[in-house]
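Please read these notes with the model open beside them. They go through it one region at a time.

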Amino acid sequence: MAILASGLEFPEGPVMLDDGGLLVVEMSPATGQISRISADGREKEVLAQTGRPNGLAMDRAGNIWVAETRQRALLRLAPDGRIDTVADACDGERFLFPNDVAVGPDGAIYMTDSGVLEDDLAPNGEVNPEWYKLPVDGRIFRIDPASREVTCLLSGIQFANGLAFSSDGQLFANETLTGEIFRIASQGRRIPFGNVVATPRAMEEVKGPDGMKFAADGRSFHAVFGQGDITVLAPDGTVESRIPVEGTHPTNLAFGQPGSGDLYVTEASTNTLQKIHVGVDGLPLYR
């Protein structure tokens, strides 16, 4: 494991770029920005300040899709720097906590909404000590980028967080408060897949799956916030291994360039971007 970049402000949402650099968000209220980190980790460029960006994904046209928590919206950052609010509600009901985002094989944008207001969960950037008493109704949305039509695929999730597509185009997501990873089937059915929490979570403890990605060999890699590891699930959903990171709060991950076998992890307790050699490439993302 190596530290590629440090001094980031609550990093999340890494995206690998073609030149070996990475995009990350810095979610701290003091920054609230999307940053580009050079391949060697020595340079950082601020691309945009949006409030509190969380998840990021890039499409084949070079648009950066942003799950923006503070604005409670899905944003599109175009290659020329223009920012467009694409969606902020479904059937007239405002988003609550946009979290992670992915481009689907159909070209649509998929986004999790954790299901609780940021100001209730973490007023002034500090976690509410009684956060576990808050009502949570996490949801997963599909957004058509052309028509901007928003469809709710699933609701009632106990803090919807990471999501990713498998090699056969199936959508997987996770539920932070239970540790469960699940697959979304037709008609919004939820099919349990696995669980990444090593020990039961204490009521007030913040621990559970955050970002997730599939490897080219069918395994899935999960950043487990509060557990300090990347938990690897076999294709059948069983826990294969747990890869420790520097710090206790990994937030998300991205595989490196093809052939590298590297994994890049954003970690919030050390405010770093870390590189771990895992010996497998990531599943090519739908871009």
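**Notes on the predicted model**

1. Q33 is buried, at a relative accessible area of 6%; here buried means under 20% relative accessible area, exposed over 50%, and partly exposed in between, with a 1.4 Å probe and protein chains only. The residue belongs to strand β4 (residues 33-37). Strands are DSSP runs of E with at least two residues, and helices are runs of H or I with at least four, numbered from the N terminus.

2. This is a predicted model, in which local features need pLDDT of at least 70 and side-chain atom pairs count only at pLDDT 80 or more, while totals for chains, interfaces and linings use all residues. Residues are numbered from 1 along each chain as its sequence is written, and side-chain values use heavy atoms, with hydrogens and water left out.

3. What surrounds Q33? Beyond its neighbours within four places in sequence, Q33 is in contact with V24, V25, E26, K44, V46, A48, Q49 and P53; contact means heavy atoms within 4.5 Å. The side chains of Q33 and Q49 are also joined by a polar contact of 3.5 Å. A polar contact is a pair of N or O atoms within 3.5 Å; within protein, one must be able to donate a hydrogen and the other to accept it, and residues adjacent in sequence count only if both atoms are side-chain atoms.

4. P53, one of the contacts of Q33, has E68 in β7 as its bridge partner. Strand β6 is joined to β7 (residues 64-68) by four bridges, and the two run antiparallel. Two strands pair if DSSP finds at least two bridges between them. The open sheet here has four strands in the order β6-β7-β8-β9, with antiparallel pairing. Its edges are β6 (53-58) and β9 (83-87); each has a single partner strand, so one side of each is left without a neighbour in the sheet. On average, neighbouring strands of this sheet are turned by 30° against each other, direction ignored. Axes are lines fitted to C-alpha atoms, for helices over the stretch in contact, and angles run from 0 to 180 degrees between N-to-C directions.

5. Is strand β12 (residues 98-103) enclosed or open? Six of its six residues are buried, so β12 is largely enclosed by the rest of the structure. Four bridges connect β12 with the antiparallel strand β13 (residues 109-113), and V101 has M111 as its bridge partner in β13. The two strands make a hairpin with five residues between them, and G107 in the turn has a positive phi of about 85°.

6. G188 lies in the loop between β18 (180-184) and β19 (190-195). At 24% relative accessibility, G188 is partly exposed. Its C-alpha atom is separated by 5.3 Å from that of L153, 35 residues apart along the chain. Not counting residues up to four places away in sequence, G188 touches L153 and L154.

7. Another open sheet has four strands in the order β20-β21-β22-β23, and the pairing is antiparallel. At its edges stand β20 (208-214) and β23 (239-244), each with a single partner strand, so one side of each lacks a neighbour in the sheet. The twist averages 25° from one strand to the next. Inside this order, β21 (residues 220-225) and β22 (residues 229-233) pair in the antiparallel sense over five bridges, with V224 opposite D229 in β22.
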